[in-house]
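Here is a short report on a single protein chain. It starts with charged contacts and then turns to the overall fold.

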Amino acid sequence: MPFTELNVREIIEKEKSNSPEFAKAWEDSRTEYKLLAELVQLRKEQKMTQKELAQLTGNKQQVISRIEKRENSPTLKTFCGLLNTLGYDLQIVKRVNR
């Protein structure tokens, strides 16, 4: 059976336009995705390994790996602890209307 080529972006855009619930869930997940990507970038900029970050925060390296691969969503406490260890704080700012 041959493979069928899919345009994932097109499918997502179609679903977003057809379902306000899907659109909201998609946008909510993008925020989490971006925050986790920034966390990884900060860790790498400091030339810190996952193992080092885990040791400093009292976690296992596997926990850090699963968070960074988006296999597990960290609790707010865990996320803030990771940021704090890297020398950063999480702040809430008013969103500019799109």
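## Salt bridges

The count of salt bridges comes to five. The model is predicted.

One of the bridges pairs the side chains of Glu13 and Lys16, at 3.4 Å from N to O. Both residues sit in helix H1 (residues 8-18), three residues apart, so about one helical turn separates them. Glu13 has 46% relative accessibility and counts as partly exposed.

Glu27 counts as partly exposed, at 31% relative accessibility.

## A buried pair

Arg43 and Glu68 form a salt bridge, their closest N and O atoms being 2.6 Å apart. Arg43 lies in helix H2 and Glu68 in helix H4 (residues 61-68), 25 residues apart, and the pair links distant parts of the chain. Arg43 and Glu68 are buried.

## Fold and dimensions

The protein chain has five helices and zero strands. Its radius of gyration is 17 Å, whereas a compact globule of 98 residues would have one near 13 Å. The C-alpha trace spans about 45 × 45 × 20 Å along its principal axes.

Of the 98 residues, 21% count as buried. Among contacts with a separation of 6 or more, 48% come from residues 24 or more positions apart.

## Surface and charge

The accessible surface is about 8300 Å², and 53% of it belongs to carbon and sulfur atoms. The chain carries 18 positive and 14 negative side chains, and the centres of the two sets lie 5 Å apart.

Definitions and conventions:
Residues are numbered from 1 along each chain as its sequence is written. This is a predicted model: local features need pLDDT of at least 70, side-chain atom pairs count only at pLDDT 80 or more; totals for chains, interfaces and linings use all residues. Side-chain values use heavy atoms; hydrogens and water are left out. Helices (H or I, at least four residues) and strands (E, at least two) are DSSP runs, numbered from the N terminus. The radius of gyration is taken over C-alpha atoms; the globule rule is 2.2 Å times the number of residues to the power 0.38. Buried means under 20% relative accessible area, exposed over 50%, partly exposed in between (1.4 Å probe, protein chains only). Contact means heavy atoms within 4.5 Å. Accessible areas come from the Shrake-Rupley method with a 1.4 Å probe; for residues, only the protein chains shown count as cover. Lys and Arg count as positive and Asp and Glu as negative; His and the chain ends are not counted. The place of a charge is taken as NZ of Lys, CZ of Arg, CG of Asp or CD of Glu. A salt bridge is a side-chain nitrogen of Lys or Arg within 4 Å of a carboxyl oxygen of Asp or Glu.
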